[in-house]
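Hi,

Here is the structure I promised to pass on. My notes on it follow below; have a look when you get a minute.

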Amino acid sequence: MIFEISEEQKMIRDAARDFAQTELKPGVIERDENQIFPAEQIRKLGELGFLGMMVDPKYNGSGLDSISYVLAMEEFSKIDASASVVVSVNNSLVCFGLEKYGSEDQKEKYLKPLAAGEMIGAFCLSEPEAGSDATSQRTIAEDKGDYYLLNGTKNWITNGDTASVYLVIAQTHPEKGSRGINVLILEKGMEGFSVGPKENKMGIRGSDTHSLLFNDVKVPKQNRIGEDGFGFKFAMQTLDGGRIGIAAQALGIASGAFELALNYAQERKAFGKPIAELQAISFKLADMATDIEAARLLVMKAAWLKDQELPYAKYASMAKLKASEVAMKTTIEAVQIHGGYGYVKEYHVERLMRDAKVTQIYEGTSEIQRLVIAREILK
């Protein structure tokens, strides 16, 4: 068992850390406060190759492994989870699905600009009545011969208004249940396709979250990914990789909060000495560090299994479950260690606490992760 990362992976991590400090940190509080999408920062991430990290270079990707990806995600998420979720969705859900299951024409037309950062993608599964129960798709893609007629609504879509390419999961054959679902590629501006108002969220306020509405949208048949009825399998297999990305995001939120709490505890004095020397605080820091390291090892194992092309669904769910719970616990403790300062925006930890919560909800709630893990261990 080799726990050391390679020199190339260290370079990717360090580049991501430098970008986070120099490009993401300035203005992050204001972007959160005013719900401003980090457009300029995302553009630069695209130019640096971070929006197509694992895509083959022949499709304009960086050709990196999943370990490099989660290292970068952790560094971005320490500073700005609103930016890192764009990296996660574009890499794990959109580019991955297109590269693995798309046709060559689809890869040429959509994957190349997505991997190059010239476009941003969105993954559209959740609906008003279909979140954890992904089989209950009410969005209908009616087969009209050479095109599908799409009608319905999608909720909580990351990059909802800033995306140019949307992977939409929709039901074509209701009588077939999950085997009647398809995945279609939509482009922004298609007639009948509109974007609802931006959601006013508790956390990751800079990310662009919207509902999408489809009213008789004509989607060419060549925009379907895979065979008829492949959509549900596409969604589930794509989400397995997506959970690794969100686990890395949660890990970054936790480690970012820990670093802030550690620095503060070493500088803040009470009773004549730094509060880090008080057992009540030092024990909190010890527990935080231990939990973060445990989560990191799970995230790395899930990413390693994916790179080795070994079954990784169970470990992806374990990593997301553990890392998201650690993120929530760690950020709460970071606020506590900061005391009154932790409750004001200028010290960052209250934002990290708000950002942490969504990692227990999106791309599969913690309850769903336990369901996946249970199914795997009871096989």
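The sulfur of Cys124 has its closest cysteine sulfur in Cys95, 14 Å away, so it is too far for a bond. A disulfide here means a pair of cysteine sulfur atoms within 2.5 Å, and by that rule the count is 0. Both cysteines are tucked away: Cys124 is buried at 0% relative accessibility, and Cys95 is buried too, at 1%. (Buried is under 20% relative accessible area, exposed is over 50%, and partly exposed is in between, with a 1.4 Å probe and protein chains only.)

Keep in mind that this is a predicted model: local features need pLDDT of at least 70, side-chain atom pairs count only at pLDDT 80 or more, and totals for chains, interfaces and linings use all residues. Residues are numbered from 1 along each chain as its sequence is written, and side-chain values use heavy atoms, with hydrogens and water left out.

On to the strands (DSSP E runs of at least two residues, numbered from the N terminus; two of them pair if DSSP finds at least two bridges between them). S7 (residues 209-220) pairs with S3 (residues 147-158) in the antiparallel sense over 9 bridges, and Thr153 stands opposite Leu213 of S7. S7 also pairs with S6 (residues 193-198), again antiparallel, over 4 bridges; there Val195 has Leu212 as its bridge partner.

One last thing: Phe3 sits in the segment before helix H1 (7-24) (helices are DSSP H or I runs of at least four residues). Phe3 is exposed, with a relative accessible area of 61%.

Cheers
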